Amino acid sequence: MRVLLVGVGGMGIDYAHALARHGIEFTAVGRSEEGVARFRSATSFDAVGGGLANYLSSKPLLDIPVIVIVCVRNTQVRETVQVLLRDQSNGTLQVAGLLIEKPLGIDPQEASVIAEEIQTVGIRTFIAFNRRFYGVVRRLKEITEKDGGVEYVHCEFNEWDQRFIRASRNFSSNEIENWDFGNGCHVIDTALYIAGGIPVDFRSHTTRGNCLDMSNCPSKCVYGGSGVTSHGALITWKSYFRFKGPWMVEVVTSKKMKYKLSPLETLSRMDCSTGKWEVVMNSHREGNLRQGLSEMIAAFYSAVSRTCQDGEIPSGLVDISTYTMLLQRVYKTICSPARSNVVIVGGGNVAHRYIQGFSSVANAPFVFVIEPFALQQSKLVSKLGANHPSLTILDKSDTKWFPKQTAVVLSTTTADARFDSIMKVLADSTEVESVVLEKPTFQRLEHWDAFISEVSARQIKAFSTAGGCTMFSNLMNIVSGWRKTEKQPFTTVCVNGTNWGLCCNAVHYLAQFAILNGLRDGLDVSPTGPFILSGSFQGLKEAKRSGCFEVDAGTIQLFHRKSGSVVLTLRCKHEETGVQSSIEYRGADDVFVTYTPNSPTAVLVRQEETTVIEMDISLISQLGEHLLNETRQDTMNRPRLLTIQALSTFEKPLMSLFEQHFRKNGINTSRGVPIS
């Protein structure tokens, strides 16, 4: 079989020497001519420039089974794999086996996506961890098996912060931010291999630490955690990106013997009588051969050339399904667990509720609150405590601790401040996964287009949430499973109230209606859409926020065009006294729930049988977890989120209705609809 070596950098050169050691002929493919020239000089072997896609475009390997070794930079793995999978799928390439250098992507999330894509196509694939094939590691593995297994493994993967300063010249900020995954996996995998068994329960904690130069260091610099395997071995790890220190694995066997790899190329044993370490074995690089690489290639070649029995995996090789499990159970926990960076813009009551929720999540995220006003900062601190374990409050001028990578940016400001503040945060963040906006979203319609253009260009997922209160979390659990009928295809919503803001709350209840009824694309209220939105308003009154207004009284209704039925009604009237506010959710078969805002209970009526339901206030603690999880899931599995595009289908028309009323009442709307 032909061997295709993709990548001609340092690892590509090492693979070339290892392949030559076995007398295996190969074709090397690189990107730049400079890289190809260095490869030729270092190995005396030829290589092809121009990149993999360019090389395969002429179909040089048509009808020829080929083994592929991928050893490109982490940032280039997905593109490379996609080229291989594309040609494999269209029949212009026959990949019999694929070996990809660890760790398969820039971070565990991307690696999981790549692994899933590979498994969908069905190529037999292994991930290259050459340290499993070190002589000292193999020897220690033999010792532990002879001693009856491992009781305890500890590993460390420290880095010197000066290295990040130097690395910033050759590595992107994304690569440096994910240094824990790209480099830490060398040590973690060695410890897992020696421990044996399947990872069962892994817990991890990280903090920012204090690197010499925070602008060049990862935002997470201190790591610690523990886990256990199915064989009962306890594993612990720690890392500090501040000091020089060897990579190290320490092992206690079932016979109470203690061994360590420190550095990983040296195996030592502790003399229990003296407590001193004595060297048992050293592994050395043989000439131009990287340790473990030749042995790993031999194992891989035997696995894919059928010298092994079908399905057999030589010891030390990591197949793609096993690695997928390790990504999920180990690397996502250690390197990119739920303890991600969350930036909250605005430090008011809504922010407080979300911070409470984030704090209760296992491996709670680091929360950065951007709040420029000292009074609001002090209120937030008084509610949460001055020593909140994962909270940092920033003003607009403080960028020292601003995270380079952010899982979620959550905007909880008022509508008049939202656009400028969120765009400033996006400008300061190099990597943002998701943005979640509270409602109402923007005062000016043109801000919608500018925001959607920005997040689309940067491939940032953008959402709005209707789950920002305990009430909705409870009621959603009750009504989301109600059966729909042709006669009543929707769970309807009816809100009657006094002294509440129709302008700011109407968007909230429209979003609730869409989410409760699974209308993921929003509510199309265009002339040909399935819904009709109408509004009638009387008067205006000043809102609590200076310069903003609310309608004095009004009704908003949403009609289902086909049936003509009203599916949502919102009524509001500002007065000193009046009927108590109430919300009704009605489903098919005469089932409905009535609720009074801020009440500890709701009333469920089903076929004239009444049940009092207590509101579970603990659900507030789930808000952070729901938000973190749902921003990372596919569109069909976000029960509490709408995409910003879906929200715009009804919020923009609603703002137009308010704008017309504001103009009739003499309010200048050239700078937007002044609602808070």
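The legends below describe several close-up views of a predicted model of one protein chain.

**Figure 1**
Of its 676 residues, 54% are buried, and the chain exposes about 29200 Å², of which carbon and sulfur atoms supply 48%. When contacts between residues at least 6 apart in sequence are considered, 70% of them join residues at least 24 apart.

**Figure 1. Helix H17 and its surroundings.**
Helix H17 covers residues 502-516, and because 15 residues at 1.5 Å a residue should span 21 Å, the distance of 20 Å between its end C-alpha atoms agrees with that expectation. The helix is mostly covered, since 13 of its 15 residues are buried. After H17 comes Gly-518, which has a positive phi, near 65 degrees. Arg-520 lies in the loop between H17 and strand S22, which is formed by residues 531-542. With a relative accessible area of 18%, Arg-520 falls under the 20% limit and is therefore counted as buried. Its side chain reaches the backbone oxygen of Leu-641 at a distance of 3.4 Å.

The largest nonpolar core holds 75 residues, and the members that touch the most others are Phe-451, Phe-513, Leu-558, Leu-654 and Phe-658. Helix H17 gives the largest share of this core, namely eleven residues. Apart from this core lies another one, of 66 residues, which includes Val-68, Leu-98, Ile-123 and Leu-192. In soluble globular proteins, nonpolar side chains tend to be buried together. Leaving aside neighbours within four places in sequence, the residues in contact with Leu-558 include Leu-510, Phe-513, Leu-523, Val-525 and Phe-531. Also among the contacts of Leu-558 are Ile-532, Leu-533, Ser-565, Val-566, Val-567 and Leu-568.

Leu-98 sits in strand S4, which is made of residues 94-101, and it belongs to the core of 66 residues. Leu-98 has a relative accessible area of 1%, and because this value is under 20%, the residue is classed as buried. Apart from neighbours within four places in sequence, Leu-98 is in contact with several residues, including Val-68, Val-70, Leu-84, Ile-118 and Ile-123. Arg-124, Thr-125, Phe-126 and Phe-300 are also among the residues that Leu-98 contacts. Although Leu-98 and Val-304 are separated by 206 residues in sequence, their C-alpha atoms are 8.5 Å apart in space.

**Figure 2**
S25 and S26 form a hairpin with four residues between them, and in the turn Asp-589 has a positive phi of about 60 degrees.

Trp-500 lies in the loop between S21 and H17. Leaving aside neighbours within four places in sequence, Trp-500 is in contact with Val-495, Asn-505, Tyr-509, Arg-571, Cys-572, His-574 and Ser-581. Trp-500 and Lys-573 are 73 residues apart in sequence, whereas in space the distance between their C-alpha atoms is 7.8 Å.

Asp-180 is found in helix H9, which runs over residues 179-195. Asp-180 is buried, with a relative accessible area of 2%. Its side chain makes a polar contact with the side chain of Tyr-223, at 2.7 Å. When residues up to four places away in sequence are not counted, Asp-180 touches Cys-185, Lys-220, Tyr-223, Phe-241 and Cys-335.

Key. Residues numbered from 1 in each chain as written. Predicted model: local features only at pLDDT ≥ 70, side-chain atom pairs only at ≥ 80, totals over all residues. Heavy atoms only, no water. Buried < 20%, exposed > 50% of the residue type's maximum accessible area, 1.4 Å probe, protein only. Contact = heavy atoms within 4.5 Å. Areas by Shrake-Rupley, 256 points an atom, 1.4 Å probe, with all protein chains shown as cover. Expected span 1.5 Å × (residues − 1). Core = buried A, V, L, I, M, F, W, Y, C linked by side-chain atoms within 4.5 Å. Pairing = 2+ DSSP bridges. Polar contact = N/O pair within 3.5 Å; in protein donor to acceptor, adjacent residues only side chain to side chain.
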